[in-house]
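Subject: Structure handover

Hi,

Here is the structure you will be working with. Please open it and keep it beside you as you read.

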Amino acid sequence: MNEFKYKDLDYAKNIIEHGFSKKYFNTEIKLVALYLRDILDIRKKEDRKNELHNICKKYIKDYHRMRYYKVVNKAIDYSTCKKNQLITIESVPVLKCEVNYFNSAELTLDEKKLLFTLLIVYKLNKEYFEIKKPDEPYDNIYFKGGTSRYSDLKKISNISSKVDINIDLISKLAKRGYLQLYSRGCIRMNFMEQIDYNGGSGEVAFEIIDYNNIGYWFEWYIGNKRIGKCNKCGNVFYKKVNNQIYCDKCQGYEKQNVKTIVCCDCGREFEINSLSRKLRCPTCNKLERSRINAQYRKTHKKD
């Protein structure tokens, strides 16, 4: 799954800061056009077009205005439609009745993680659809399969690379009635009809804020000690060591055992180790050392 899928605003910001990707260029240029309209408040169509050309020029090596005018015009036309907007799904709630269903079922951990991931993907697609088309109902409990989609599903379910998602999981779950298979890898998620939503209280167990490690969220909730929750960003991750408290992205970002003090000479604030007894910032400390050394040399100067 794309790192920024279902988070259009973050996606557009990342494109403007780091450039386009070749794989999703047509989608990304439309998101940037919407960002120019809604976030940077560039309302005039011509101004928006010129700015979009400038962004393309900045990041595309073979850029030429005439070569890219068609794709830019399409993106600008897309941004003129008020129905098109930047959609961000900040989190997905997971109900206790849903977790209880998976925990009570006679399934392996990988099977539980796969079904749980299918459920979360369904919820994401449902909310995304309802934001774009609020007047239309969403009742699609099918997952459109295929080699690339199965590969992506396996990845975000955090299933071992040694497992064949089709043979070892999907086919077996279909035989037991949890899934129903159709041509071209299409899956009907029968298990969703078995979750007792009416009998449950609708109480939220937890909320998922990252959609690229959905399987880890399930493992974290059921108490797998190898899965941690980052103290910085709140995402779940696989621990490399037992006492790891930050994910790989945030590791080293937080300064631990650090305090801020005011330099006794220049009055500027600076950070030092909490156990340090320094009173001067690095610049003033260097000047003080030079002064002391100079005084020492003067005092001990040989005749």
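This is a predicted model: local features need pLDDT of at least 70, side-chain atom pairs count only at pLDDT 80 or more; totals for chains, interfaces and linings use all residues.

Residues are numbered from 1 along each chain as its sequence is written, and side-chain values use heavy atoms, with hydrogens and water left out.

**Pockets**

A pocket is an open set of points on a 1 Å grid over the protein atoms alone, where a 1.4 Å probe fits, with protein on both sides within 12 Å along at least five of seven lines; lining residues have an atom within 4 Å of a point. A volume is the space filled by probe spheres set on the points, which are joined across faces, edges and corners.

The largest pocket holds about 1,200 Å³. It has 35 lining residues; Lys5, Tyr6, Asn125, Tyr128 and Arg149 lie nearest its centre. Helix 6 (109-132) is among the contributors. Helix 6 gives the most to this lining, six residues. Helices (H or I, at least four residues) and strands (E, at least two) are DSSP runs, numbered from the N terminus. By class, the lining of the largest pocket has 19 nonpolar, six polar and ten charged residues. Here Ala, Val, Leu, Ile, Met, Phe, Trp, Tyr, Cys and Pro count as nonpolar, Asp, Glu, Lys and Arg as charged, and the others, Gly among them, as polar.

The second largest pocket is about 680 Å³. Of its 26 lining residues, Glu3, Asp210, Cys233, Asn235 and Lys249 are closest to the centre. Helix 1 supplies the largest share of that lining, five residues.

Three strands form an open, antiparallel sheet in the order 2-4-3. Strand 2 (142-143) and strand 3 (180-181) are at the edges with a single partner strand each, so one side of each has no neighbour in the sheet. Strands 2 and 4 are joined by two bridges. Two strands pair if DSSP finds at least two bridges between them. Phe143 has Ile187 in strand 4 as its bridge partner.

**Arg188**

Arg188 sits in strand 4 (residues 187-188). Is Arg188 buried or exposed? Arg188 counts as buried because its relative accessibility is 17%. Buried means under 20% relative accessible area, exposed over 50%, partly exposed in between (1.4 Å probe, protein chains only). Leaving aside neighbours within four places in sequence, its contacts (heavy atoms within 4.5 Å) include Ile141, Tyr178 and Glu193.

Best wishes
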